[in-house]
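Hello,

Here is the structure you asked for. My notes on it follow below.

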Amino acid sequence: MIILAVESSCDETSVALVKDGKDVLSHIILSQMDIHAIYGGVVPEIASRNHVVHMTRVFEQAIENSKIEIKDIDLVAVTHGPGLIGSLLVGINAATAFAFAHQKPIIGVNHLVGHLYAANIDNDIKFPAVALLASGGHTELLYMKDHMDIKLLGTTLDDAVGEAYDKVARVLGLPYPGGPIVDELALKGVDTYHLPRPFLDKNEHNFSFSGLKSAVINLVHNAHQKGEEVRINDMCASFQASVLDVLIEKTKHAAKTYEAKQIILAGGVAANKGLRQRIAKEIPNFEIIIPKMEYCTDNAAMIGAAAYYQYLKEGATKNYLISGYSTMPFEKIT
Ligand code: KG4
Ligand code: ZN
C-alpha cells in the first residue's frame, strides 16, 4: 500500500511517500528553522505563510523523487493535530485538494502518534511498549498495548522538555532551537551546578520542568548582577544531567511497572546525544528503540508510517472534510 503523507503542524513542511508503513520511497523536509531562529522561537503566522509558499513544491518534489505515478498512490494521510492551526490547515488543504482531485481516500493522523511510529520505520515495535515522547511541545510517557492502542501514563504539568531546553539556551545567549546546542555543550561540561531533579522522588509518571528552567534563569541572572562569569558548558551539563536523570528514571519505572517488551524514545528530544548514550546503560534489561535522527524531529515519513496501521485498524473514507486540532490529548490509562 502506497501512502502519500503530509506534515505541516509546526515549522517543517514535509511530504513523503511510504510503502506499507515501512519503506520510505521519498521524503522531503523543508525546515523553516533559520527564519524562526531570528525571533528565538516559532512565530505561528510566519510558519503558516511559509507553508503556503512551499507546500506545492514540496508535494511535487516528493512525488517526483518517489518514481511513483499518482495513479499508484492508495491513500493520502495528513497531520490533523496537535499543532498550530494555521500551519495544520495548509497541509490539510493541500492533502485534501490532492486527494479530492485524484479521488483517493484520505485520513487525518495524530502528529504524536506519528512520532511514535517513526520508531517502527527501521524497527518493529513489540507490544506492550512504553514510549517516552519528548519534543518542543510535549513530554509524555505512553503505554502502547498494541498498534494504535495508546494510553497516557504521565505528562508534564508545565513546560515540555524541548521548551525548557529552548528557554535555557536563550538565557545563556545560545541560538534557537536550544536542544542541539545545549546537548553539544553539555558533553563538554561537568554537572557542577547541581540543579534540582524535579519530581524524581515521586513514584508517579508526571513531569515538571518549569522549576528547573527557573533555577537556571535565576543562577544566570544572579551571576550577571554580581559580574560573575557563568560557565556555559557546565551549566548545560548540569541542566542536561537533571533532565536526563528524571526522564530516564521515570521511563525505567514505567517500563518495569507495565512489564514493557520494549522502550521507545520519540520526538525531537530523542535526538539528544546524552540521552541516547545514557539510556541503554541505565536501563539495561529492556530493548530500547530510537528512530533515526531524521525521523526524530518533525517529518512526513512518520505520518505515513502511522497512517498505514491506522488504516489497517479503521480504514479510510472519501470524506474530504478534515479539520485541524490544536490539542489531541491521549486517554489516560485506568
Ligand atoms: O519534535 P520536534 O521537531 O517538534 C515538535 O513537535 O516540538 O521537536 C523540537 C524540539 C525543540 O524544542 C528542540 O530544542 C528539541 O526538540 N531538540 C532537542 C535536541 N534536538 C532537538 N532537545 C534536546 N537535545 C537535542 N539534541
Ligand atoms: Zn513534533
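Are histidine 111 and histidine 115 buried or exposed? Both residues are buried. Please keep in mind throughout that this is a predicted model.

Zinc site

The two histidines matter here as ligands of the zinc ion (ligand 2): the protein donors are His111 through NE2, His115 through NE2, and Asp298 through OD. These donors lie 2.0 to 2.2 Å from the zinc ion. Written as a sequence pattern, the spacing of the donor residues is H-x3-H-x182-D. Histidine 111 and histidine 115 both sit in helix α4, which covers residues 111-117. They are 4 residues apart there, or about one turn of the helix.

Overall fold

The chain is made of 11 helices and 10 strands. Its radius of gyration is 20 Å, close to the 20 Å that the globule rule gives for 334 residues, so the chain is as compact as a globular protein of that length. Along the principal axes, the C-alpha atoms fill a box of roughly 65 × 45 × 30 Å. Of the 334 residues in the chain, 55% are buried.

Second largest pocket

The second largest pocket holds about 310 Å³ of space. It is lined by 15 residues, and those closest to its centre are Asn110, Val113, Met148, Ile150 and Phe330. Three elements each supply at least two residues of the lining: β5 (106-110), β8 (149-155) and α11 (301-314). Sorted by class, the lining consists of 7 nonpolar, 4 polar and 4 charged residues.

Helix α11 also contains glutamine 310. This residue has a relative accessible area of 10% and is therefore buried. Glutamine 310 and glycine 21 are 289 residues apart along the chain, yet their C-alpha atoms are separated by 10.0 Å.

Backbone details

One joins phenylalanine 127 and proline 128, with omega at about -5°. Proline 128 belongs to the loop between α4 and β6 (129-134). The other runs from tyrosine 176 to proline 177, where omega is near -5°. Proline 177 belongs to the loop between α5 (161-171) and α6 (178-186).

Which phi values are positive at residues that are not glycine? Glutamine 103 has a phi of about 50°, and histidine 194 has one of about 45°. Glutamine 103 lies in the loop between α3 (85-101) and β5. Its relative accessibility is 41%, so glutamine 103 counts as partly exposed. Histidine 194 is in the loop between α6 and α7 (210-225). With a relative accessible area of 60%, histidine 194 is exposed.

Two positions towards the start of the numbering

Aspartate 34 is part of helix α1 (residues 33-37). Why does aspartate 34 count as exposed? Its relative accessibility is 67%, and the cut-off for exposed is over 50%. The C-alpha atoms of aspartate 34 and alanine 16 are separated by 22 Å, with the two residues 18 apart along the chain.

Proline 44 is in helix α2 (residues 44-66). A relative accessible area of 43% makes proline 44 partly exposed. Proline 44 and cysteine 10 are 34 residues apart in sequence, and the C-alpha to C-alpha distance between them is 7.8 Å.

Regards

Conventions. Residues are numbered from 1 along each chain as its sequence is written. Chains are lettered from A and ligands numbered from 1 in the order in which they are written. This is a predicted model: local features need pLDDT of at least 70, side-chain atom pairs count only at pLDDT 80 or more; totals for chains, interfaces and linings use all residues. Side-chain values use heavy atoms; hydrogens and water are left out. On a 1 Å grid over the protein atoms alone, a cavity is a set of points where a 1.4 Å probe fits but cannot get out, and a pocket is an open set with protein on both sides within 12 Å along at least five of seven lines; lining residues have an atom within 4 Å of a point. Grid points are joined across faces, edges and corners, and a volume is the space filled by probe spheres set on the points. Ala, Val, Leu, Ile, Met, Phe, Trp, Tyr, Cys and Pro count as nonpolar, Asp, Glu, Lys and Arg as charged, and the others, Gly among them, as polar. Donors are N, O and S atoms within 2.8 Å of the metal (3.2 Å for Na, K and Ca); water is not among the atoms, so sites may look incomplete. Buried means under 20% relative accessible area, exposed over 50%, partly exposed in between (1.4 Å probe, protein chains only). The radius of gyration is taken over C-alpha atoms; the globule rule is 2.2 Å times the number of residues to the power 0.38.
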